[in-house]
Amino acid sequence: MLEKALKGSPGYWIWLFVLAGIASVGMLVYVVQLNMGLKLTGMSRDVSWGFYIAQLTYLVGVAASAVMLVLPAYFHHYKAFKKIIILGEFLAIASVAMCILFVVVDLGQPQRLFNVVLHPTPNSVLFWDMVVLNVYMYLNLFIGWVSLECERNRVDPPSWLKYFIWLSIIWAFSIHTVTAFLYAGLPGRHYWLTAIMAARFLASAFASGPAILLLLVFLLQKLTKFRAGTEAIMSVAKIITYAMCVNIFFYLLEMFTSFYSSIPGHKSPIIYLFSGLDGYNQWVPYMWVAVITAAISLVLLIPAKIRDNHKVLPWALMLLVIATYIDKGIGLIVGGFTPTPFETVTEYVPTIPELTITIGIYAIGAIILTILWKIAIEVKRDLGTLDKEPPKFKKLYVEDLQYSEDYH
């Protein structure tokens, strides 16, 4: 099937060359970082994780979101998701690949990665994070490829594949849980020291990940004849709405605990993020943008009549993605390191090289995703199912039941 990625329109090749150019610039800057060290970044003694780890945290959630399609489809036989499952699995592969690249650039010297393999330390959460991320990526690649190959040959997937699918569902929860433990296990960082960190991660992931997937599906429908199906889009939008409500509820719980208990270590990071601390307030506007965009997205998503409007839905999803990205991609890291355990403030600002390398990695992820989705779309085009919506499933009511004469 790989040969399908080698054929495409001029627009397809221009898009890939643009991405390759951006990725090349990112790699060149990374070479400079290799020579000069992490002093090129905004990280310091007090802020040892920065923009790279923030992207890892957000993208792990995007990767885990594939389970929101796989679980209803394979556990509850919800067939409306069947057409977009492969897109979700391939998005997970691209996301995990970017996560691993962000870990590599954060290490400074990539050869340090071999220490994790050659000298494994099972008592380290980072070791298990590496294990679950790699296994999840290969699970999705294997399941997605076998499923697509079977679809191409018009045969049902082999029965043994369901065991790998069940494993991938459990694994999806584990990748985000283990990543949350990286934060929640640090006693000196009060903003992260909460028992519901993993639950917050999962709620945020199940809102932002499917939202990004739906936005990409809308874009795919604009560019090609692919049709995901109205029922599938409406169902995913409903899942996103519930997950976002839970995500905000969990954050409000954190706010209550911090301010009602009045423990300074728990209050200070939130005060710093939303109103500034000791004159340091550069992230305050971003956090309020997150609050406003989250509120507007929920206003648009909760009423079913507005949510089901496909002209409004993409805007609501974009606002949701902005809100969750600022909260989890920026606020989580910054709030965790500010103030320091010595009650001082060391502000973190990502540098231009840091941002360039980050954009370069996103370009690599976009290349992986483009190629994988191109293969999937071409298979569906060959089968003639590209522009066909999945059949709608009518609810069965008692009055619809008809007794056959065999029962009499």
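How do the axes of helix H6 (residues 125–152) and helix H14 (residues 352–383) cross, and within what distance do they come? They come within 9 Å and cross at roughly 20°, with axes fitted to C-alpha atoms over the stretch in contact and angles running from 0 to 180 degrees between N-to-C directions.

This is a predicted model, in which local features need pLDDT of at least 70, side-chain atom pairs count only at pLDDT 80 or more, and totals for chains, interfaces and linings use all residues. Residues are numbered from 1 along each chain as its sequence is written, and side-chain values use heavy atoms, leaving out hydrogens and water.

Start with the whole protein chain. Its secondary structure comes to 14 helices and zero strands (DSSP runs numbered from the N terminus: helices are H or I, at least four residues; strands are E, at least two). The C-alpha trace spans about 80 × 50 × 40 Å along its principal axes.

Next, select H6 and H14. The crossing angle makes H6 roughly parallel to H14 (angles under 35 degrees). Show the side chains: Trp-145, Leu-148, Glu-151 and Arg-152 in H6 meet Leu-372, Ile-375, Ala-376, Val-379, Lys-380 and Leu-383 in H14 (contact means heavy atoms within 4.5 Å).

Then go to helix H4 (residues 82–107) and select Asp-106, which is found there. Asp-106 counts as buried because its relative accessibility is 13% (buried means under 20% relative accessible area, with a 1.4 Å probe and protein chains only). Leaving aside neighbours within four places in sequence, Asp-106 is in contact with Leu-38, Met-43, Trp-49, Tyr-52 and Ile-53.

Finally, colour the chain by burial: of its 408 residues, 49% count as buried.

Conventions:
Parallel < 35°, antiparallel > 145°, perpendicular 65-115°, else oblique. Buried < 20%, exposed > 50% of the residue type's maximum accessible area, 1.4 Å probe, protein only.
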